Amino acid sequence: MTVSQESAPTDPPVPTGPTALGPCRRSVVAAVGAAGIAAALTACGSGDGGGSGPTGDASAAGGGVLAKTSDIPEGGGKIFADQGVVVTQPKKGEFKAFTATCTHQGCKVTKIEGGTIDCPCHGSKFSIEDGSVKHPPATQPLPAKQIKVSGDSISLA
Ligand code: FES
């Protein structure tokens, strides 16, 4: 009697609409996602590998020239905060480099004086010769960083 009328209207229209939209939307999102990732990768690639890029920034953010040898005082050193590096010249013509992060609790060292690299946070001091601890509370030396001196230019290796 009325049984056939109840089941008839529920079947055809409901699945057609959403089912048709679902895959299309996913495809569009996937396409945009892939394009976005490609664009991001392209942007990253061009910014990193270009060497001397269009920005004209000469700072050594990775392998570029860090300083001139004449910038580093003999018997002292210089802190390159942006690169997180300390370059020292314990003896004339002998250059060393260390991380600028204190091994005690991670502050950045801020001063080089009297043959030591000094941390302002708790007073640790490190040797400009080998990064060894000259004054606690730090117990571990400043790890060395690799640098390359060619001519009068010092760069991160
Ligand atoms: S973090 Fe450098 S002395 Fe504590």
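A: **A loop proline and its surroundings**

Once neighbours within four places in sequence are set aside, Pro 143 is in contact (heavy atoms within 4.5 Å) with Ala 97, Phe 98, Thr 99 and Thr 103. The model is a predicted one, in which local features need pLDDT of at least 70 and side-chain atom pairs count only at pLDDT 80 or more, whereas totals for chains, interfaces and linings use all residues. Residues are numbered from 1 along each chain as its sequence is written, and side-chain values use heavy atoms, with hydrogens and water left out.

Pro 143 sits in the loop between strand 8 (133-135) and strand 9 (147-150); strands here are DSSP runs of E with at least two residues, helices are runs of H or I with at least four, and both are numbered from the N terminus. With a relative accessible area of 45%, Pro 143 is partly exposed, a class that lies between buried (under 20% relative accessible area) and exposed (over 50%), as found with a 1.4 Å probe on protein chains only. Its C-alpha is 9.0 Å from that of Ala 100, although 43 residues separate Pro 143 and Ala 100 in sequence.

Phe 98, one of the contacts of Pro 143, belongs to strand 4 and is the bridge partner of Val 86. Strand 4 (residues 94-99) and strand 3 pair in the antiparallel sense over five bridges, where pairing requires that DSSP finds at least two bridges between two strands. These two strands form a hairpin with two residues between them, and in its turn Gly 93 has a positive phi of about 80°.

Strand 3 also pairs with strand 2 (residues 76-80), again antiparallel and over five bridges, and here Val 87 of strand 3 is the bridge partner of Lys 78. The hairpin of strand 2 and strand 3 has four residues between the strands, with Gly 84 taking a positive phi near 70°. Six of the seven residues of strand 3 (residues 85-91) are buried, so this strand is largely enclosed by the rest of the structure.

Cys 107 lies in the loop between strand 4 and strand 5 (111-113) and Cys 121 in the loop between strand 6 (116-118) and strand 7 (125-127), so the link ties together parts that are 14 residues apart in sequence. The link is left-handed, with -95° about the S-S bond. Cys 121 is partly exposed at 37% relative accessibility, whereas Cys 102 is buried at 5% and Cys 119 is buried at 6%.

How values were computed: Disulfide = S-S within 2.5 Å.
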